[in-house]
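Trainee: Could we go through some of the labels used for this model, and set each one against its definition?

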Amino acid sequence: MMVARKAKPEKEKDARAHESDPYKAMGFMCGLEIHQRLATRHKLFCSCPTNVLDKSIKPEANIERYQRAVAGELGAVDKSAEFEQLRHRSFVYNIFNTNTCLVDCDEEPPHEMNREALGISLSLASAMGMRMIDEVQPMRKGVIDGSDPSAFQRTLVIGLDGSIKVNSKTIKVPLLSLEEESSGIGSSGGASVVYNTDRLGIPLVEIDTDADIPDPKTAKAVALYIGTLLRLTGKVQRGIGSIRQDLNMSIRDGARVEIKGVQELDFIDKFIENEVKRQQNLIMIKKKLAASNASVGKAENVTPIFLSTSVDVIKYHIKDGAVFAFALKGFKGLLGFEINPNRRLGTEISDYAKMAGVHGIIHSDEDLQKYRFTGEEIAALRRQLRISENDSFIIIAGKPEEVERASQLAIWRAEYALKGVPKETRMAHDNENYTSKFLRPLPTGSRMYPETDIRPIFITKEMRAAAAEAEPNIEKERKYLKSKVKADAVVGQLMLSPRLPLFKAIVEKTKADPEFVATVLLQKMTELRRSGVDVDSIDEGRIIEVFRYYADAKITKQAVQEVLALIPKENGELGAMLLKRGLLRLKGADLKLLVENYTKENKGISKDDLRARIMAKYRLSVDGSELNSLLEGKGTHVH
Ligand SMILES: [Zn+2]
């Protein structure tokens, strides 16, 4: 029973809300950036196709380039660009004649923009109730990781200030843009990075939400919603890498962290929960460090201590490298403290050291005997660093030029533990649901400038109308599917399936039972693909024809899968193939005759045995229920 009571003071009400919502209590903020490659016929600014080549395909040529940081529109040189220049790496671009042209290599001005990609983007903007830009102006966004031979990527703002409703919450979607996909990494390491340009320039839609997503579960639902909208356009690429989700999030007293490259939708909430725990643990560590009056020492060259060491990772570098170490007073036990599954404060510090090229660090919370350090070495190290048994240290070994910088980076990160959570970009590792420091600094706003090679594009009334017409509509689609199939799970699967348009075509054009059609399209065809049948090569018209044969009782239910498996191997007309393969359904008078013959030849056996014998031979061409009716003497019914 509801009892009327006096309104609580604001503060108390707030506190009560927090009890039921831990994420609100921790000041949780989260936004998503979803990047989706479009399945258009051509790339965004040239006529190359948009398929991504198999990694085993060899390039016909390659070009090598170095890049230099330049000032952006606002006159400032991007920090990340500077960082890249310091690394002085060369970039090698693999060229594939079928999928790369002079536009991709920045040797020829861009062609006219791909109208198909623009149309898809506009329909998505329309679906999210966005304000559309009247005059779309391509911009150049500086790319400093070398993934574009031109050192910029073209991007166009298409829609602003939209929103979606997910789990009865309104989530703001402030931006939709259309841009060029970057090159794919072929290989990296050493002084050069190799990129594959087949992927470069494929249209990519980016959808950004506001940071007002209230909790991890909603974040996952939002990603699923936007992913569904994208798929309902029927014009997006599928498979690994074709959709990438970036998250940015923070909690009170933590920091804004961007997590890049979550590919599996199912992991989004896990990644967020882990990041929350990581930030909470770092905040807890900060408090402990403050309580123990902790401090970080300066890097010292400790090479002489290890001249005759048996520690493999150090021995390897002793000849032509160096060993550095620094003290961490008051850190005891905290370097090895697990802040995320299998990730420690030591791991975080190690991520920073690795940015300078070293393989990692050794810290005093690790099992030093396992490394085969001697007691003397450790004692000498503590003496040089002027620390006691109760203090910690970090050792870094590597090439002389790397090890000094690695020590500085590690010290920077260790000192940050005293302040809390550093603002950074982290990379998602899908298989383990953990993140690690992205090995380059965050890019900044100074990397945008206008593209002068392309004139702005006016978004006409007609284009807006076409966009509204083509709008993907989740509610409408769900309602339609619910009228066809019972299970919500199947409705959900169909919504996300690339075969949704095919499902609708079959259901509209044949009398086949929609539940059966869904089973074949969602399960059987996937099984066939896994068993090596090239189901994706089958023309949709032929699939519709197969279902028409089934609906007209010309083939059995069991034969449908068999027929689909045969089509990629056999050319020619479907009817002729079915006849040749003995797959046409045996029914009515023909089946009756068959049953009579079997009955005569097998006198005295039970109906069940008779049924089993007939089905063993005619599994694909006899319908089980029709056979049952005949055996029970009920005559034959052909539906
Ligand atoms: Zn091209």
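Trainee: Why is Cys101 called partly exposed?

Mentor: Cys101 has a relative accessible area of 23%, and partly exposed is the class between buried, under 20%, and exposed, over 50%, with a 1.4 Å probe and protein chains only, so Cys101 belongs in that middle class. Cys46, in contrast, is buried because its value is 8%. This is a predicted model, in which local features need pLDDT of at least 70 and side-chain atom pairs count only at pLDDT 80 or more, while totals for chains, interfaces and linings use all residues. Residues are numbered from 1 along each chain as its sequence is written, and side-chain values use heavy atoms, with hydrogens and water left out.

Trainee: What makes Cys46 and Cys101 donors of the zinc ion?

Mentor: Donors are N, O and S atoms within 2.8 Å of the metal (3.2 Å for Na, K and Ca), and water is not among the atoms, so sites may look incomplete. The SG atoms of Cys46, Cys48 and Cys101 and the OD atom of Asp104 lie 2.2 to 2.3 Å from the zinc ion, so these atoms meet the cut-off.

Trainee: Why is the site of the zinc ion called tetrahedral?

Mentor: Four donors count as tetrahedral if all angles lie between 85 and 135 degrees, and the angles among the four donor atoms of this site are 98 to 121°, so the site passes that test. The ideal angle for four tetrahedral donors is 109.5 degrees.

Trainee: What makes the phi of Asp106 worth a remark?

Mentor: Most residues other than glycine have a negative phi, whereas the phi of Asp106 is near 65°, a positive value. Asp106 is in the loop between β3 and α4, and counts as partly exposed because its relative accessibility is 34%. Asn167 also has a positive phi, near 50°, and lies in the loop between β7 and β8.

Trainee: How do you know that β13 and β21 pair?

Mentor: Two strands pair if DSSP finds at least two bridges between them, and β13 and β21 have four, in the parallel sense, so they pair. One of the bridge partners in β21 is Glu424, which stands with Val257.

Notes:
Helices (H or I, at least four residues) and strands (E, at least two) are DSSP runs, numbered from the N terminus. Four donors count as tetrahedral if all angles lie between 85 and 135 degrees; four count as square planar and six as octahedral if opposite donors are over 155 degrees apart and all others between 65 and 115; anything else is irregular.
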